[in-house]
Structure formats: structure tokens, C-alpha cells
Amino acid sequence: MSTQPRLAIEGLQIRIGGRHVVDLAHLHVDPGEILGLAGESGSGKSLTAQAVLGLTRTIGAAVDGSIVFEGIELMGLDEAAMRAIRGRRIAMIFQSPISSLNPVFRVGDVFVRALRLHGAPSKAEAVERARAALREVVLSPELLDRYPSQLSGGQAQRVSIAMALALRSEVLLADEPTSALDVTVQAEILDLLRSLRDETGMSVLFISHDLAVIAELCDRVAVMQRGRIVEEGIARNVLTTPSEGYTRELVASVPRIGGAVAG
Amino acid sequence: MNVQPLPETVAASGSGLAGRLRSNRLVVFGLSVSLVIVLAGIFAPLLVPYPEDAGGAAHARETLIAPSSQHWFGTDQLGRDVFSRVVYGARVSPLIAFLVLLIACVVGVPLGLAAGYFGGLIDEVIMRITDIFLAFPALLLALALASVLPPTIGSTTIAIAVTWWPWYTRLIRGQAASVAGRPFVEGARASGVSHARILFRHVLPNSLTPLIVQVSLDVSAVILTVSALSFLGLGAQDPTPEWGLMVNQGQQFFPGQWWLVTFPGMAILITAVAFNLMGDGLRDVFDPKMVRRRGVLGG
């Protein structure tokens, strides 16, 4: 790529209790690109995403290396500057969409607070933007009056995506955003992510252990094992003709309907 | 199409709280009696026949009169109307209880929030200090403090509050720690919310339910402690119409002049039971499992 990557991670090392859990030589996401990050549980995918937002310190992890976002070195950035980037320029969505919304607030309260926190000039303006964002993710603006427990999983995940959209985030860190949803809802969310990327040029770091989903959605894929990237490349190529042993195992471990499960 | 308003659900959950409250008669009883006690305290001057007897008045020729139509609860050793003093007493113990619980919450809750949310060293330091306070039996510690402080209502309040806050720190810490691990806290962090705001806007509201129940149950415990301290001569002093003090002063006349001990004693009992029932009821209201069990048992 001739353009500068939107997010570039170099030599990222994360240690928890003296143990190396992530040792990432290089990973980058280009503008408007959807990068898949695959790997089994505990391979360090989520930790990598948390490290980008500087959220690993609260769990007692030691982080080293360099994370550059649009020319800004995020490592060692002070808390106030980091807060201005979190949610606003780099947004994150999570595996369990309902429980990642505070149950005691209405969706609209959370939404409007987030917009106000990141610079909406007035409450009325924030409400208007929130309503518009919900329409963009094909949800009724009436959902703003609901509590998270009154949403379905798919609706809640759309709400989370709508927040990133309303703030015009440049990067979306999606940590297993569809693995708690049923297959049809999952397909809707994937379509939504793809069309948002096409319309806004948002970059997406899509973390999943589901190779089929990654093959369908992502432009490139990086496969992680025990904190290291073992293979990286164009998503379809990597997943149809894996060159590395671990990736082959991962691909082979996906059960196929009608075919023998390869082992 | 995938969006349908749910007015029934909203309406049902709205009336559910009031409905559950109404269905539980003991709670309604506890709540009403508590309310009557509070109102009696507020409007005491309008309710009692001899307001001056609540203070330092003395009527040498009317001492130790048995209950009659003139003095419903009789008079004490200084000729003061016991009924007036018992009603005025509703201004003392419940007020102290309110202040004690307020101080205990103001001190205990933020410490518990910080300990549970941040964990690590902050948690260790706060909880070990809490443990030191909890290592002493509460009444004993309050007694020790009250005995070194001047015997006033303010000292009583402080002495009891010092023994009370660690319980709230412990209670809130456990809640805060479990709430801090829930995904919406990480979500809030990831959308740029500050620690302070997360603590008070996200963790606190989700940790409050057990605190509300505990506080309402504790009202009666504090009232009993206040009375115990006064009874031992370490709290309110004459002529304050404090119930425990009145029981203390009346005990030397007990076999003959039973009304000096009985009426303030009853006031303590009724107040403690009423607030306790209210707290129990709140716990049932907030705990759906308890309500269901009650429903099965009660038909």
C-alpha cells in the first residue's frame, strides 16, 4: 500500500504477571480496510485491541512497543488525551452487546452522554444526531427510550455500531461482535459493517475465531497463536490455501456440513 | 419491522414495584408506622399537651403521678409529662440514626467503590483499614469512643458512625468489584469515560440496591445502639428526652412506677420493629426471587 496505514502496531509486547502473552512484531490497518484477527481463545486477540485503547493497565498488564494512529503515538499518551481518542476516533464494540450497555440507563441517555462527551454542542443536537445514527443502522429512533434489557442482541449491537457511526470514528475495534448473535442477525451485522466501511471509509479491526465470518467479511487476515502472528495475507487466500501449519489446523477444525471433519 | 414498541412491558414493570409493595402488608405496616414516628418527631410541639416538659421544666408537686386522663403516660420523678417526653423523643434517636447512617454512607461508600473498582494496592490498603475497625465489637468501640468524648448527642453520633462505616465499605466493595467486571464498564472505558465518572455514574447506581436495604435495616440497629449508650449514661444527658436515657432514669422507680420505663421502652421497641419491617420489605421488593417464594407460600 502506498498510503500510510491508519493504525500501525510495531513490536507490541504485553506481559501479565511476568508471562509474555502478546508478542506482535507488526500489524497494520489501512484506511477503509477490514482486517480480520483470527486465532483460538487466549491467543491475545482481545488484549491487542484493548492495548490500542490503553485499557490493559487496569488488569495489571505491562505493555511495551509502539501503536501509531494517524501519526499519533498512543503508547505513553496521557490519560486525558487517550480519553479524547477512545470512543471518539477509535471506537470499540463487544461480544455481548446487551451487557456492554449499562442496564440502569436508557439507550438514549448513554448515547447522548457519549455524543456530549465527545463534543456535541447541545443536548438537542446530540439527540438529533443519535436519531439519525439509529436510522442509518436501520433501527427506529424510538429505541432511544428503551432500556438495554428491552433490546434484542442484534438491536443492541446495532446501537453500539450507531454510536461509533455518530461520532464518525476512524477505526472500529470489533471484538467478536457477532459470536453471541444467531446466524441471521450475524449476517445483518456483517452487511452493516461492510456498507459502513464502503460509505465512510472507516477502518475495522475485526476479531473473531470464526474463520467463515472472516473469509466473508475481511480484506486481509492475520492469524494469531500464543500472542504471535503466524500468518498474514489476503483473507480468501490465507483461508483457502493456508501455508502455515497452525492456520491449516484452524481451517481444518471448522466443521463442514455433509463432509467429513478433517483432523 | 424489527422494531415494535413494548408498552405492556414498560407498564407492567412500572406498576410491578408499587404492586409488590402493596401486596406485602407487613411492609405497609412498617412503612406507615415509621412515617408516623417521623411525623410525630417533626410536629411534636403541636401534638403534646406539655411541650415545656420535654426540656428542663420541673413540677415539684406533680412527681410520679400514675397514667391518667391528664397525663396519659404519667409523670416522672421531676413531675414532667412522660407522654410529651416520649413524643419529643422521636426527634432524638431517629435524627441521630439518620445522621449516623448519612456519615457512614458518605465515608463508607466512596471507599468501597474505590476498593472494588480499582482493586490491587488501593483495595488492599482500604480493606485492611476497614478490617481494623471491624476487629472491635461495634458496641464496645462505640462505648470506648463515647466515654472519651464529652457526653453529648454529637459525640454519640460520631462514636456510632465510626463503628458503622466499615460495614458499608465492605458491602459496596463487593458490589463494585462485581460491577467493575461487567462488560458495560469496559464499554464505558472504551468510549472515553473517565474513572471518576464511571465510579459514580456506572458502578454506584448498579451497586446501590443492597445498600438501600442495609441502610433501612440499620435504622433500627442504630436506634437501639443510641438507646444503649444513653442507658449506660454515655449518650444524651438530662433533660434531653432520649428514650434510652428515660429508661435508665426510670429503672430505679421500676417496680412501683412502671410507666417511667415502659413507655419509652415501648417507643424503642416499636420504632426498631417498624424500621426493620420496612427494610425487610424493601429487600423483598428488590429481590424478585424472594417475592416469588412469598407468593407461593402466601397463596
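Predicted model: local features only at pLDDT ≥ 70, side-chain atom pairs only at ≥ 80, totals over all residues.

Trainee: Chain B to start. How many helices and strands are there in chain B?
Mentor: Chain B has 13 helices and zero strands. Its pattern along the sequence is α-α-α-α-α-α-α-α-α-α-α-α-α.

Trainee: What percentage of chain B is buried?
Mentor: Buried residues are 42% of the 299 residues in chain B. As for contacts in chain B between residues at least 6 apart in sequence, 69% join residues at least 24 apart.

Trainee: At what angle do α5(B) and α10(B) pack?
Mentor: About 145°, with the axes 9 Å apart. Helix α5 of chain B covers residues 93-118, and helix α10 of chain B covers residues 195-231.

Trainee: Is that crossing left-handed or right-handed?
Mentor: The crossing of α5(B) and α10(B) is right-handed.

Trainee: Which residues meet there?
Mentor: From α5(B), they include Ile96(B), Val100(B), Leu101(B) and Tyr117(B). From α10(B), they include Leu199(B), Val203(B), Asp218(B) and Val222(B). The residues of this contact divide into 16 nonpolar, two polar and one charged.

Trainee: New topic. How many residues does each chain put into the contact between chains A and B?
Mentor: Chain B gives 19 residues and chain A gives 25 residues.

Trainee: Which helix supplies the largest share of chain B's side?
Mentor: α9(B), with six residues. Both α9 (183-190) and α10 of chain B supply at least two residues each to that side. By type, the side of chain B that touches chain A has eight nonpolar, eight polar and three charged residues.

Trainee: And the core? How many residues are in the largest nonpolar one?
Mentor: 152 residues. Those with the most contacts inside it are Ala162(A), Leu205(A), Phe206(A), Ile214(A) and Val203(B).

Trainee: What does Ala162(A) touch?
Mentor: Leaving out residues up to four places away in sequence, Ala162(A) touches Ala133(A), Leu134(A), Glu136(A), Val137(A) and Leu139(A).

Trainee: Last one, the sheet in chain A. What's the strand order?
Mentor: β2-β1-β4-β5, in an open sheet of four strands with antiparallel pairing.

Trainee: Why is one side of β2 and of β5 left without a neighbour in the sheet?
Mentor: β2 (19-29) and β5 (72-73) of chain A stand at the edges and have a single partner strand each, so one side of each has no neighbour in the sheet.

Trainee: How many bridges join β1 to β4?
Mentor: Eight bridges join β1 (residues 7-16) to β4 (residues 61-69) in chain A, and the two strands run antiparallel. Ile16(A) stands opposite Ala61(A) in β4(A).

Key: Residues numbered from 1 in each chain as written. Chains lettered and ligands numbered in written order. Axes fitted to C-alpha atoms, helices over the stretch in contact; angles between N-to-C directions. Left-handed = near helix turned anticlockwise from the far one by under 90°. Contact = placed C-beta atoms within 7 Å. Nonpolar A, V, L, I, M, F, W, Y, C, P; charged D, E, K, R; others polar. Core = buried A, V, L, I, M, F, W, Y, C linked by C-beta atoms within 7 Å. Buried ≥ 20, exposed ≤ 12 C-beta atoms within 10 Å, placed from the backbone. Pairing = 2+ DSSP bridges.
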